[in-house]
Amino acid sequence: YGFDLSALALFTLLSEARLPRKELAACYARVGEELLVAVAAATPAPPQQAAGSASSLSDILRGVRALLDALQRGGYLAAYAIDDGDADEGLWQQRSSLSSTRLTVTLTDSAALRAALLLNGRGVSPELARPLLSAFFASRGAEVTEQSDFFLDGEYRENPKEYRPTQQLLSFTIAPSGAPR
């Protein structure tokens with residue numbers, strides 16, 4: 001719980017700073033870039049693509065799995081699942097308005113889950129997987145056009161006061177950088 005408490009304290013300060021949206025987005029981008037560098041230094045990185053070119057969607061998905069595996073091995077999360085049922089390599093390669101792909105990443109018992117729950121609705125989230133994945137997408141020639149998150153309790157409870165989320169769903173819509181929308 002020490003990490004969770006530290007994340008709560010730091011992101012509470014960020015929440016209370018009430019940064020304009022653009023500055024907050026830049027802050028998360030910097031956090032994501034630094035996390036990506038740190039994770040890449042600790043794990044074998046997928047091969048880099050040529051500068052200015054977009055990775056294939058299958059390469060991006062392999063990289064996402066590798067990053068989440070690293071987070072799981074490091075103890076940041078207990079488990080994860082990726083819903084990539086919307087992925088279509090042919091449409092991705094067209095780089096058209098139809099190239100957008102929705103990915104949903106389910107994180108189970110992440111180290112920042114309780115802090116994220118406490119800060120929910122305050123404009124910030126200490127969930128570090130989101131900026132990490134966003135930075136990874138950008139590094140692979142994909143841009144995040146939409147994102148959202150949800151909390152889930154894996155068990156149905158009749159009494160809503162007994163709601164105990166154990167999972168956080170991170171939903172991303174990504175598209176090749178420069179593709180029309």
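Side-chain contacts

A: Asp153 and Arg157 are both buried, a term that here stands for under 20% relative accessible area, with exposed meaning over 50% and partly exposed in between (1.4 Å probe, protein chains only). The model is a predicted one, in which local features need pLDDT of at least 70 and side-chain atom pairs count only at pLDDT 80 or more, whereas totals for chains, interfaces and linings use all residues. Residues are numbered from 1 along each chain as its sequence is written, and side-chain values use heavy atoms, with hydrogens and water left out.

Asp153 and Arg157 also form a salt bridge, with their closest N and O atoms 2.5 Å apart; the term requires a side-chain nitrogen of Lys or Arg within 4 Å of a carboxyl oxygen of Asp or Glu. Together with Glu155, these two residues are linked in a network of salt bridges, and a search of the whole structure finds eight salt bridges.

Another of these bridges joins the side chains of Arg102 and Glu146, at 3.2 Å from N to O. This pair links distant parts of the chain, since Arg102 belongs to strand S2 (residues 101-108) and Glu146 to strand S3 (residues 142-152), 44 residues apart. Helices (H or I, at least four residues) and strands (E, at least two) are DSSP runs, numbered from the N terminus. Arg102 has a relative accessible area of 33% and is therefore partly exposed, and Glu146, at 44%, is likewise partly exposed.

Turning to the aromatic rings, those of Phe, Tyr and Trp (its six-membered ring) pair if their centres lie within 6.5 Å, and planes under 30 degrees apart count as stacked, over 60 as edge-to-face and the rest as tilted. By this rule there are four aromatic pairs. The rings of Phe136 and Phe137 have centres 6.4 Å apart and planes at 55 degrees, so this pair is tilted. Phe137 and Phe172 form an edge-to-face pair, at 5.3 Å centre to centre and with 75 degrees between the planes; the pair links distant parts of the chain, with Phe137 in helix H6 (residues 129-139) and Phe172 in strand S4 (residues 167-176), 35 residues apart. Phe136, Phe137 and Phe172 form one aromatic cluster. Phe137 counts as buried because its relative accessibility is 1%, and Phe172 because its value is 0%.

Charge and ring also meet here: Arg130 lies over the face of Phe172, at 5.4 Å from the ring centre, where a charge sits over a ring if NZ of Lys or CZ of Arg is within 6 Å of the ring centre and within 35 degrees of the ring normal.
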